[in-house]
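Hi,

Here is the structure I promised to pass on.

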Amino acid sequence: MSQLDGKVALVTGGARGIGRGIALALANAGADVAVSDIETMPSTAQQYGATAVGGFTQARKTAEEIIALGRRSLAIQADVTQKGDTRRMVEEVCGALGGLDIMVCNAGVVNMAKVEDMSEDAWDLTFAVNTKGVFLSCQAAIPALKNRGGGLIINIASIAGKSGFGGLAHYCASKFAVVGFTNSLAKELAQANIRVNAICPGILRTQMWEYLAESLKQPDESKEDSWQRWVKNVIPQGRPQTPDDIGQLAVYLSVAENVTGQAINVDGGIELH
Ligand SMILES: NC(=O)c1ccc[n+]([C@@H]2O[C@H](COP(=O)([O-])OP(=O)(O)OC[C@H]3O[C@@H](n4cnc5c(N)ncnc54)[C@H](O)[C@@H]3O)[C@@H](O)[C@H]2O)c1
């Protein structure tokens, strides 16, 4: 019998990157896992630099990978910034997979801008997805988790939710908010047998870091050199993290009955608090 046999999880932004890594790790540990994502965004002020991001198309492929592991899965098209979408995505999971035990709020966007040049659009999109999206996804999931007698929420914050970075004030503020929200919700839901934790990933070469490596390039530096400079200079262990590293912590949190209200770094030693 696998660790998470009989458990049902939902991962927002689960099409690719960290979300896909978490979904596959939970499925490998025995859970049935639904993934939700978005096909188009209202603004280009994010890592894809285009409104067509193809997340739902990709989410279908991730769901197929989960089914190939012998678990049940489904892909759901849902925008975490829309209350109706978040309610529907939880209903679809409960309808198709029988309930919900583990809610992973992972969908996120990044954009680089100095505060003096920052557009309201960039600020609003960052907060809509990274912060309001976590609130709406948690709010939608809570009744379903209560129906199962308890459960787990994992919110994906960042090391940028522990310390500031120049050029990322809106992103950092949105992730600090996720950490505070997680701490508070853990206390609110402790008596309902629902644990709430955040994971703070370090530096992973997903689409988010493809964008950041390009944006942080020094004059005459290639994107590859920019990426390597960050890995070597910023991460004490000198190696990037992987989506499976984050997935393994999600599996651990799924069985760690006395761990709640935490914001745990997986970052090779960058943040020590
Ligand atoms: N990559 C890193 O180094 C890093 C570090 C720390 C934290 N994070 C966080 O990890 C999470 C995943 O990021 P990633 O690196 O895998 O990036 P990614 O771009 O590979 O994946 C993000 C996913 O979220 C989806 N998404 C965006 N807006 C959405 C919305 N409104 N509704 C539903 N889905 C939406 C995207 O379509 C995409 O599939 C984010 O919350 C991010 O802030 C990433």
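Residues are numbered from 1 along each chain as its sequence is written. Keep in mind that this is a predicted model, where local features need pLDDT of at least 70, side-chain atom pairs count only at pLDDT 80 or more, and totals for chains, interfaces and linings use all residues. Helices (H or I, at least four residues) and strands (E, at least two) are DSSP runs, numbered from the N terminus.

**The ligand**

The ligand has 30 residues around it, and the closest are Gly 13, Gly 17, Gly 55, Gly 108 and Thr 206. (A residue counts as near if its C-beta atom, placed from the backbone, lies within 6 Å of the molecule.) Three helices each give at least two residues to that shell: H1 (17-28), H4 (120-147) and H6 (207-215). Sorted by class, the shell holds 14 nonpolar, 13 polar and three charged residues. Here Ala, Val, Leu, Ile, Met, Phe, Trp, Tyr, Cys and Pro count as nonpolar, Asp, Glu, Lys and Arg as charged, and the others, Gly among them, as polar.

**Helix packing**

Axes are lines fitted to C-alpha atoms, for helices over the stretch in contact, and angles run from 0 to 180 degrees between N-to-C directions. Angles under 35 degrees count as roughly parallel, over 145 as roughly antiparallel, 65 to 115 as roughly perpendicular and the rest as oblique. A crossing is right-handed if the near helix is turned clockwise from the far one by less than a right angle, and left-handed if anticlockwise. Two residues are in contact if their C-beta atoms, placed from the backbone, lie within 7 Å.

Take H4 and H5 (residues 169-189): their axes come within 9 Å and cross at roughly 15 degrees, so H4 is roughly parallel to H5. The crossing is right-handed. On the H4 side the contact residues include Trp 123, Phe 127 and Phe 135, and on the H5 side they include Tyr 171, Phe 181 and Leu 185. The residues of this H4 and H5 contact split into 11 nonpolar, five polar and one charged.

H4 also packs with H3 (residues 83-97), at an angle of about 35 degrees and with the axes 9 Å apart. H3 and H4 make a right-handed crossing. Lys 83, Thr 86, Arg 87, Val 90 and Cys 94 of H3 meet Leu 136, Ser 137, Ala 140, Ala 141 and Ala 144 of H4. That contact of H3 with H4 has six nonpolar, two polar and two charged residues.

For H1 and H8 (residues 243-255), the axes come within 7 Å and cross at roughly 50 degrees, so the two helices are oblique to each other. Their crossing is right-handed. Among the residues in contact are Gly 17 and Ile 18 of H1, and Pro 243 and Asp 244 of H8.

**Loop residues**

Two non-glycine residues have a positive phi: Asn 193 at about 65 degrees and Asp 220 at about 70 degrees. Asn 193 sits in the loop between H5 and strand E6 (194-201), while Asp 220 is in the loop between H6 and helix H7 (223-234). Buried means 20 or more other C-beta atoms within 10 Å of a residue's own, exposed 12 or fewer, and partly exposed in between, with C-beta atoms placed from the backbone. Asn 193 is partly exposed because it has 14, and Asp 220 is exposed because it has 6.

Cheers
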